[in-house]
Protein chains: 2
Amino acid sequence: MSRLVMKFGGTSVADLERISVAAKKVAQEVANGHEVVVIVSAMSGKTNEMVGWVRQTSPIYDRAEYDAVVSSGENITAGLMAMTLQEMGINARSWQGWQVPLKTTDAHEAARIEEIPTDNLDASFASGHKVAVVAGFQGIGPDGRITTLGRGGSDTTAVAFAAALSAERCDIYTDVDGIYTTDPRIVDTARKIRKISYEEMLELASLGAKVLQTRSVELAMRYQVPLRVLSSFDDDISMTAGTMVVQEDDTMESKVVHGIAYSKDEAKVTLVSVADRPGIAAAIFGPLADAGVNVDMIVQNISEDGRTDMTFSCPVDQVERAENAMNALKTSGELNFAELATDKEVAKVSMVGVGMRSHAGIAAQMFQILANEGVNIRVITTSEIKVSVLVDRKYMELAVRALHDAFELEKVA
Amino acid sequence: MSRLVMKFGGTSVADLERISVAAKKVAQEVANGHEVVVIVSAMSGKTNEMVGWVRQTSPIYDRAEYDAVVSSGENITAGLMAMTLQEMGINARSWQGWQVPLKTTDAHEAARIEEIPTDNLDASFASGHKVAVVAGFQGIGPDGRITTLGRGGSDTTAVAFAAALSAERCDIYTDVDGIYTTDPRIVDTARKIRKISYEEMLELASLGAKVLQTRSVELAMRYQVPLRVLSSFDDDISMTAGTMVVQEDDTMESKVVHGIAYSKDEAKVTLVSVADRPGIAAAIFGPLADAGVNVDMIVQNISEDGRTDMTFSCPVDQVERAENAMNALKTSGELNFAELATDKEVAKVSMVGVGMRSHAGIAAQMFQILANEGVNIRVITTSEIKVSVLVDRKYMELAVRALHDAFELEKVA
């Protein structure tokens with residue numbers, strides 16, 4: 001019998017009514033002939049409530065205890081979902097992470113999945129259960145203590161189960177009905193994408209289209225799990241609903257640019273006049289990483305007289321950490337620079353599309369479009385399937401709109 | 001190193017502030033040189049919230065799922081308590097029932113404890129932990145699913161751990177400062193009892209003094225665990241605080257009557273003119289038990305012409321079930337009676353004291369005291385250390401007060 005994984009996020013199980021709506025979708029898939037693994041998040045707000053208690057109790061809390069506390073929310077939803085399904089006449093039972101077991105590393109609060117032996121679930125299905133409702137986000141570490149996978153880890157749980165069970169598909173039910181060519185709140189002609197490749201989704205996920213957790217997409221790509229994003233607030237669960245995230249293939253839209261993502265709260269930091277010597281990059285970015293600064297784009301200017309400017313971007317709320325780390329290096333004599341210039345009023349705009357691999361000149365086209373609108377580009381980075389630019393924040397919406405229009409993303413290819 | 005079990009109920013861990021107060025008491029006992037097992041309930045209100053969700057989801061819910069859901073409350077408190085202790089510099093960690101493991105039968109929602117292997121806890125203490133914070137009320141069944149011990153099961157958890165670990169004592173922290181000679185809300189001269197026997201406590205617990213769960217007292221008696229009831233709202237945790245529940249000994253107060261308990265919402269049901277044949281009691285009380293009626297007192301009148309009246313008491317909210325069961329028997333011809341008379345306006349008043357064993361005439365004294373007050377007695381039952389009477393509910397407080405005064409329970413023996 002074919003197996004299906006269905007994952008419902010916090011807003012999709014926010015209360016008993018939403019759980020009931022979700023259960024009806026599960027019932028439909030059971031009626032379609034599937035054995036279903038349902039992965040549930042905590043009812044929305046519950047995890048935050050518990051995290052609040054932990055923070056209030058202990059500013060530098062024990063991560064193992066944090067995991068033991070905050071994993072409770074998913075257990076509650078799993079039990080309630082199983083009961084709701086039973087009320088509909090469907091043979092279901094709940095599973096907590098340790099019962100499956102979903103084995104992880106011991107990195108509490110950010111554990112990685114090591115293995116999901118499927119013997120217990122297989123036996124459960126063989127005994128007549130049609131649905132296994134599994135508490136998402138949690139697992140069991142090598143020492144038998146509860147671990148969690150980090151916020152949003154339920155997506156990753158879902159994909160891992162789909163891979164372990166060789167499921168036909170992993171459906172991620174959320175509060176949006178798919179992946180859009182860009183944010184519809186900014187561009188009203190934004191169009192839902194029917195089918196997108198893992199690589200493109202990865203770039204979009206990490207660039208600010210916060211529908212899917214990046215790790216879950218990586219995992220789906222590695223194990224070739226067909227992934228679908230769709231809304232639990234729509235009735236339609238047929239194969240025309242939502243966005244499929246799959247391996248790149250010929251049947252995909254022939255568009256060169258597939259989507260435009262943005263990230264609003266970026267900052268640009270420039271170290272002016274740094275000695276341009278071998279190892280200088282490591283001397284700067286090692287300490288930044290140690291200080292917990294997530295450096296994104298990096299640009300090094302052309303060297304003059306043995307000195308250069310080094311520019312990088314990071315989230316705006318990490319600028320202070322970056323400044324402290326750099327000034328400490330200067331004070332200790334490990335790094336010499338003339339000035340540290342920061343600009344906290346920038347945003348990142350990125351175009352993503354696998355078609356860029358075979359189409360030269362897309363980046364140049366992008367720069368021209370932005371120039372026509374008078375948008376100055378501060379920093380540029382490119383990859384095989386992506387071009388990102390840093391622009392003044394006030395031009396962000398304008399840039400996204402102009403690019404979406406110029407590349408005609410509102411039209412199906 | 002001597003071990004101590006400390007149990008904190010719902011109101012004693014109601015919020016982070018109360019958890020902190022409780023943790024300070026644990027810290028004191030650690031400073032006193034104990035290894036401590038702390039048993040915690042859910043923060044007050046949490047379990048009821050979850051039970052509400054379950055009932056709303058499924059009127060005839062799956063008990064295994066109920067257990068999976070409602071056990072979450074204790075897990076949260078256990079983690080928060082462990083963190084609070086760590087903040088105070090005490091090496092503590094939390095344990096969920098399945099981690100210990102606390103092994104139970106598979107009777108979900110009302111499981112019985114089968115075994116508590118102490119290897120894991122022993123290893124934890126040996127590794128330097130000073131405190132094991134255990135989620136109360138829960139365990140793991142033979143099939144690896146979570147079980148719960150029934151409401152109030154955290155008391156039982158605490159005593160079971162004390163027995164398994166040969167703890168010096170089991171301290172039950174609650175919102176009252178001990179066991180009283182009667183309810184102080186009814187008799188203002190009610191006095192706190194310093195020391196009481198297991199047998200007396202059992203009678204008092206099951207008779208309505210709802211401080212300790214009956215099962216926990218039975219367990220303490222069987223394994224000779226010294227039990228103490230004291231308030232988490234008082235600062236005093238020295239050995240003069242609270243009430244000790246121990247084996248009967250000579251150092252106990254020489255009072256014949258130790259306490260007066262009452263149970264308000266009782267009902268009296270009489271089957272008028274039943275055929276007095278062998279097996280008639282079984283024919284009546286078997287079906288009542290099957291119908292979920294908790295029959296308490298039973299009185300059979302003297303037989304006349306081969307027919308008798310059979311009277312029993314039960315909680316007032318079970319009268320309808322009792323009526324239905326009896327009428328069904330009449331309809332099917334299995335039981336013949338002239339009339340079913342019910343009185344829902346009665347209450348039970350009981351006197352308890354181990355001294356009754358050696359003092360004749362205590363029951364007669366009781367009846368005389370009540371007669372002097374004009375209180376009519378409906379039903380009487382006696383045991384070695386207890387006399388219970390059913391009286392009209394409106395006289396209940398009067399009866400309790402009259403007995404408390406007449407037997408001078410306000411005075412220390």
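Me: How many bridges join β3(B) to strand β6 of chain B?
Reply: The model is a predicted one. In it, β3(B) and β6(B), the latter covering residues 131–135, run parallel. One position in this region places Ala92(B) opposite Val131(B) of β6(B). The number of bridges joining β3(B) to β6(B) is 4.

Me: Which are the edge strands of the open sheet in chain B?
Reply: The open sheet contains 8 strands with mixed pairing, in the order β3-β6-β2-β1-β9-β11-β12-β10. From one strand to the next, the twist averages 20 degrees. An edge strand here pairs on one side only, and the two are β3 (92–95) and β10 (195–197) of chain B.

Me: At about what angle to β3(B) does helix α5 of chain B run?
Reply: Helix α5(B) spans residues 119–126. The strands it lies across are β1, β2, β3 and β6 of chain B. Its angle to β3(B) is about 165 degrees.

Me: Are α6(B) and α8(B) roughly parallel or roughly antiparallel to each other?
Reply: Two packed helices are described by the angle between their axes and the distance between the axes. For α6(B) and α8(B), the axes are 7 Å apart and the angle is about 10 degrees. Angles under 35 degrees count as roughly parallel. The two helices α6(B) and α8(B) are therefore roughly parallel.

Note on methods. Residues numbered from 1 in each chain as written. Chains lettered and ligands numbered in written order. Predicted model: local features only at pLDDT ≥ 70, side-chain atom pairs only at ≥ 80, totals over all residues. Heavy atoms only, no water. Axes fitted to C-alpha atoms, helices over the stretch in contact; angles between N-to-C directions. Parallel < 35°, antiparallel > 145°, perpendicular 65-115°, else oblique. Pairing = 2+ DSSP bridges. Contact = heavy atoms within 4.5 Å.
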